[in-house]
Amino acid sequence: MQDSRAPALAVRLRGVSKAYHEHAGVRRVLDGVDLNAGAGEFLAVTGPSGSGKSTLLNIIAAIESADAGSVSVGGVDLAGAPEPDSTLFRRRHVGIVFQFFNLVPTLTVRENLLLPLRLNGIADDDRVDILLRRLGLAGREDSFPDVLSGGEQQRVGVARAMVHSPAIVLADEPTGNLDEQAGAPVLDLLRESAEAGATVIMVTHSAGAAAAADRRLVLHHGRLA
Ligand SMILES: Nc1ncnc2c1ncn2[C@@H]1O[C@H](COP(=O)(O)OP(=O)(O)OP(=O)(O)O)[C@@H](O)[C@H]1O
Ligand SMILES: [Mg+2]
């Protein structure tokens, strides 16, 4: 699906730690996470609910900051980069499939997908229809997100993350609301993206989805193994 090779941007984490401070005390979520994900690699991260998988993806995307350690995305420390550089880098090079979709509710399906294209000055609108068709969403282009099922919203979220051919794809449970049949094209798109040179990191609870990846890591007790 990737129509041009993505630039090779590896993801490298060293000693990344993150804790949340609550009334009950400190919740240590990540405790010295090391990770190398190379360009062209499709990596799956599994682990129990609450083990910090979404937190890990948010830190890679610099949506959240780490308490300690280093995060480099294509050699760039996004958390340490000045605004608007980090925002522009993320907009162009990172595609995020959010666990809870985060579609723009006031935009139609088509407009949600056009957003990353327009923001990046990409005129190739055909990709919108190609992606929607492959994900079984043909005919839903003019619907607003709130009338879609959870699984349909999830597939729109996948399409939106991939439509601008990002070099880094961070996918948080991208098949979590899908049966095997609806999930297969999602996994195909992630694999094709990696084959075109992207670095793909997928969080999943599904053994079947994880099996589609090149490599599987488990997040447990704050560490990746
Ligand atoms: N903003 C926050 N403030 C306080 N605690 C948080 C915050 N975000 C996450 N946590 C806590 O950090 C832990 C890890 O959360 P995270 O969402 O990363 O887990 P997860 O592995 O993605 O879980 P799931 O598989 O259920 O999606 C949880 O115990 C959660 O309650
Ligand atoms: Mg999560």
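The shell around ligand 1, counting residues whose C-beta atom, placed from the backbone, lies within 6 Å of the ligand, consists of Tyr20, Arg27, Val29, Gly47, Ser49, Gly50, Ser51, Gly52, Lys53, Ser54, Thr55 and Gln99. The elements giving two or more residues to this shell are β2 and α1, and α1 gives the most, with three residues. Helices (H or I, at least four residues) and strands (E, at least two) are DSSP runs numbered from the N terminus. The model is predicted: local features need pLDDT of at least 70 and side-chain atom pairs count only at pLDDT 80 or more, whereas totals for chains, interfaces and linings use all residues. Residues are numbered from 1 along each chain as its sequence is written, while chains are lettered from A and ligands numbered from 1 in the order in which they are written.

**The chain as a whole**

- The secondary structure of the chain comes to seven helices and nine strands.
- The radius of gyration, taken over C-alpha atoms, is to be compared with a globule rule of 2.2 Å times the number of residues to the power 0.38; for the chain it is 17 Å, close to the 17 Å that the rule gives for 225 residues, so the chain is as compact as a globular protein of that length.
- Along the principal axes, the C-alpha atoms fill a box of roughly 50 × 35 × 35 Å.
- With contact defined as C-beta atoms, placed from the backbone, lying within 7 Å, 72% of the contacts between residues at least 6 apart in sequence join residues at least 24 apart.

- Strand β8 (residues 215-220) and β9 run antiparallel and are joined by two bridges, with His220 standing opposite Arg223 in β9.

- Strands β1 (residues 11-22) and β2 (residues 25-37) run antiparallel and are joined by 10 bridges, and a hairpin connects β1 to β2 through two residues.
- His21 has Val26 in β2 as its bridge partner.
- β1 also pairs with strand β4 (residues 68-73), in the antiparallel sense and over five bridges, Leu13 having Val71 in β4 as its bridge partner.
- Ser17 lies in strand β1 and stands opposite Asp31 in β2, while its C-alpha atom is separated by 5.1 Å from that of Gly32, 15 residues apart along the chain.
- Ser17 is partly exposed, with 16 other C-beta atoms within 10 Å; a residue is buried at 20 or more such atoms, exposed at 12 or fewer, and partly exposed in between, with C-beta atoms placed from the backbone.

**Burial and the nonpolar core**

- Buried residues make up 41% of the 225 residues in the chain.
- A nonpolar core is a set of buried Ala, Val, Leu, Ile, Met, Phe, Trp, Tyr and Cys residues joined through C-beta atoms within 7 Å; of the 61 residues in the largest one, Ile60, Leu170, Leu190 and Ile201 touch the most other members.
- Not counting residues up to four places away in sequence, Leu170 touches Leu57, Ile60, Ala61, Val94, Ile96 and Ile201.

Technical notes:
Two strands pair if DSSP finds at least two bridges between them. Two residues are in contact if their C-beta atoms, placed from the backbone, lie within 7 Å.
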